[in-house]
Amino acid sequence: MTNTTLPRIVFVANLWTLVEHPSADAEWTLGKKFQAVKDAGFDGVNWRGSPEIAKLLKTFGLRFSGLFDASDPKNFASLIRAQMDSGAETINVQLANHDTPVDEAIRLTLRLMEEADRQQANVHLEVHRDTCTETPEKAYAIAVGYRKATGKTLRMNLDYSHIAVVKHLAPKDFSKRLLTRPELLQNGNLTHCRPFNGHHCQVPVTDGRGKLTREFKDYLPFVEDVFRCWLAGPRPHNELWVVPELGPVASGYGISTWPSPWEDALIAKHEFEKIWKKVVRDFSVDSAANKHGAVKRRERRAPGRRLRPASTSKKK
């Protein structure tokens, strides 16, 4: 059933972005990271569930998106439970390896989602390099196999930055070439928004002098199209959980000469929020127009009824 209330965006900070922040020698404590996330206006955090994380979430009043990577189905139950025990409302999973055959990946996905259903967990299979979904062809083949086996659409976190670098895309082609499976985006409510271009899985948001980079500005129209695409679907939970994801230098995503990934993530969040407000405003106007049109159509189709003005009285 399609939601009729105004959809909401949930901004989630990945604690991974804060690895070695502000420096490798003086990294913030976990408590300080949570305070920074709260002060920056994020709604929640993305990390691996644990008792310590659960305690901090409660202290700071933040929501939780869990994550894990796994290859052995014997571990699925305990890994999902660890996220749920911390209050996870979405869970991101990186499954298996780059060389996992598609048939095996489908079997693993079926086991994963069966366990998610048992625990009523909102698990999303992430499209990510060095996993069984590392190319769009493999990822979509898994989705097809899952649907064939279950009759259901697979819940996925489509991190398009990984697909874009495989496809060698120019910015003008981002939406045309990447949003080819809208039902997979629309069936979930979690997405990672890492700024990218066709040759780099991550590009800097700012130029070190406080101005947006050309590469980030090239990426923003795609974010708008992603938001519009999701809004056009069933909108699960009527919330889209968005992670403005910038990887740290220690991970190889960030480059040592670029601005701080955390500071860039804050600016990315601000820009994404402006886009969301714009598309939701348009969505609201379109929904009102469609509702009005539906009422008019029902009036025209109403069988055996003649509408008369309220002031008209029947002759005696």
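Modeller: One term before we start: helices (H or I, at least four residues) and strands (E, at least two) are DSSP runs, numbered from the N terminus. Also, this is a predicted model, so local features need pLDDT of at least 70 and side-chain atom pairs count only at pLDDT 80 or more, while totals for chains, interfaces and linings use all residues. Residues are numbered from 1 along each chain as its sequence is written, and side-chain values use heavy atoms, with hydrogens and water left out.

Colleague: Fine. How many helices and strands does the protein chain have?

Modeller: The protein chain has 10 helices and eight strands.

Colleague: Start with H5. What should its 15 residues span?

Modeller: H5 covers residues 136-150, and at 1.5 Å a residue it should span 21 Å. The expected span is 1.5 Å times one less than the number of residues. The end C-alpha atoms of H5 are 21 Å apart, so the two agree.

Colleague: And what follows H5?

Modeller: Gly151 follows H5, and its phi is positive, near 80°.

Colleague: Which residues of H5 are buried?

Modeller: Buried means under 20% relative accessible area, exposed means over 50%, and partly exposed is in between (1.4 Å probe, protein chains only). In H5 the buried ones are Pro136, Lys138, Ala139, Tyr140, Ile142, Ala143, Gly145 and Tyr146.

Colleague: What do they pack against?

Modeller: Contact here means heavy atoms within 4.5 Å. The buried residues of H5 pack against several elements, including helix H4 (102-118), strand E5 (123-126) and helix H6 (160-167).

Colleague: Zoom out. What share of the protein chain counts as buried?

Modeller: Of its 316 residues, 48% count as buried. Among contacts between residues at least 6 apart in sequence, 73% join residues at least 24 apart.

Colleague: On to the largest nonpolar core. Which residues touch the most other members?

Modeller: A nonpolar core is a set of buried Ala, Val, Leu, Ile, Met, Phe, Trp, Tyr and Cys residues joined through side-chain atoms within 4.5 Å. The largest one has 79 residues, and Tyr160, Phe227 and Phe272 touch the most other members. Helix H9 (residues 214-231) supplies the largest share of this core, 10 residues. Apart from it lies another core of five residues, among them Val12, Leu190, Trp241 and Val243.

Colleague: What is Phe272 in contact with?

Modeller: Setting aside neighbours within four places in sequence, the partners of Phe272 include Phe11, Cys193, Phe216, Tyr219 and Phe227.

Colleague: Cys193, you say. Is that cysteine buried or exposed?

Modeller: Cys193 is buried, with a relative accessible area of 4%. Cys229 counts as buried too, at 12%. A disulfide is a pair of cysteine sulfur atoms within 2.5 Å, and the structure holds zero of them.

Colleague: How many aromatic pairs?

Modeller: Rings of Phe, Tyr and Trp (its six-membered ring) pair if their centres lie within 6.5 Å; planes under 30 degrees apart count as stacked, over 60 as edge-to-face and the rest as tilted. By that rule there are 14 aromatic pairs. Take Phe196 and Tyr219: their ring centres are 5.1 Å apart and their planes at 70°, so the pair is edge-to-face. This pair links distant parts of the chain, with Phe196 in the loop between strand E7 (190-193) and H9, and Tyr219 in helix H9, 23 residues apart. Phe216 and Tyr219 form a tilted pair, 6.2 Å centre to centre with 40° between the planes.

Colleague: Why are Phe216 and Tyr219 separated by about one helical turn?

Modeller: Because they are three residues apart in helix H9. Phe216 is buried at 0% relative accessible area, and Tyr219 is buried at 2%. Ring pairs also link both into a cluster with Tyr160, Phe174, Phe196, Phe222 and Phe272.

Colleague: Last one. Where does Asp207 lie?

Modeller: Asp207 lies in the loop between E7 and H9. It is partly exposed, with a relative accessible area of 29%. Not counting residues up to four places away in sequence, Asp207 touches Thr213 and Pro259. The C-alpha atoms of Asp207 and Trp258 are separated by 7.6 Å, though these residues are 51 apart along the chain.
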